[in-house]
Amino acid sequence: LGALASRVLVRFDPGMAASAHGCSERCPVTQVALCRVNPATPDFKYCILHEFMHHQLDWLGCPCLTCPQVLRSADGSVSLGGVRLPAGHYMQEINCKTDPNFFPNIVVKLWELIQHSRFNLHLRRDFACGPQQARDSQMLDLLTGRAQFPYCNLTTDPPSVRLVVMAFHFATALLESSDAVQQRMRTAILRAPLGEAIIDLGTTIRSHINDMPASVCAMDEEEAEAVM
C-alpha cells in the first residue's frame with residue numbers, strides 16, 4: 001500500500017446499517033481520509049482494502065460520483081444540474097416524474113462497478129482477497145428478504161425502472177459474486193416478471209465492464225485516467 005497506509009484511518013462502526021459493509025469518507029472536522037467498516041462484515045481484509053482503493057482513486061482524480069437529478073421544466077426543456085440539455089439528447093426520454101432519483105442512482109452505480117473492476121484483480125493478486133464473500137452475503141440477504149433491493153421498489157416502481165435496476169444488481173453479481181450465488185440469483189430473477197429481459201440486460205452490462213489488473217497504488221494521475 002505504500003504511503004496510502006499512513007494516510008487513511010480505519011474506524012469500525014457498529015452503527016452502520018446491517019446491509020452496509022463499509023464506506024470511504026473524510027472526517028467532517030479534520031478532512032482525514034477514513035475507511036468506515038461494519039464490524040459485522042464477513043471479510044474485514046477485503047472491506048478495508050476496498051475502501052483504501054476508493055480513497056486512492058479519489059487522490060488520483062477518479063473519485064466516486066454524485067449525480068444531480070434530471071429535471072423537466074414547465075416548457076418541456078430538460079436540465080441536469082442546472083445545465084439545459086440540447087433537443088434530441090437521450091435524457092429527454094427519461095420520465096422524470098416516475099422516479100427522479102432513477103438516473104442519478106444508475107450513473108453512480110455504473111461508475112462504482114467500473115471502479116471495482118479496476119482494482120479487484122489487483123487485490124486478489126497482491127493481497128489474496130476478493131469481493132465474493134461480502135457480495136455473496138449482500139446478495140443472499142436480498143434474495144431471502146432480509147434486506148430490500150436498493151434503488152428500486154419492486155412493488156410500486158414501473159416495469160421499466162425494475163428492469164434496469166434489477167439488471168444492474170444481476171450485473172453486480174456477475175462481476176463480484178461466487179458462481180453459486182450467481183446461479184441462485186439467476187433462478188430467482190427468471191421466476192419474476194421480466195426475468196429473461198433482466199438477465200439479458202444484466203449480462204450485457206457485465207460484458208461492457210472489463211476487469212483490469214491495475215496496480216492502483218503504483219499509478220500516477222495520467223495512468224489512472226487512462227485505466228479508468
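Me: Helices (H or I, at least four residues) and strands (E, at least two) are DSSP runs, numbered from the N terminus. In which helix is Glu 222 found?

Reply: This is a predicted model, where local features need pLDDT of at least 70 and side-chain atom pairs count only at pLDDT 80 or more, while totals for chains, interfaces and linings use all residues. Residues are numbered from 1 along each chain as its sequence is written, and side-chain values use heavy atoms, leaving out hydrogens and water. Glu 222 lies within residues 221-227, which form helix α8.

Me: Is Glu 222 buried or exposed?

Reply: Buried means under 20% relative accessible area, exposed over 50%, and partly exposed in between (1.4 Å probe, protein chains only). Glu 222 has 66% relative accessibility, so it counts as exposed.

Me: Which residue forms a salt bridge with Arg 36?

Reply: Side chains of opposite charge can pair when their charged atoms come close. A salt bridge is a side-chain nitrogen of Lys or Arg within 4 Å of a carboxyl oxygen of Asp or Glu. For Arg 36, the closest N and O atoms are 2.7 Å apart, and the partner is Asp 13.

Me: How many residues apart is this pair, Arg 36 and Asp 13?

Reply: Arg 36 sits in strand β3 (residues 33-37). Asp 13 is in the loop between β1 (8-12) and β2 (22-26), so the pair links distant parts of the chain, and the separation is 23 residues.

Me: Is Asp 13 buried or exposed?

Reply: Look at its relative accessibility, which is 14%. Asp 13 therefore counts as buried.
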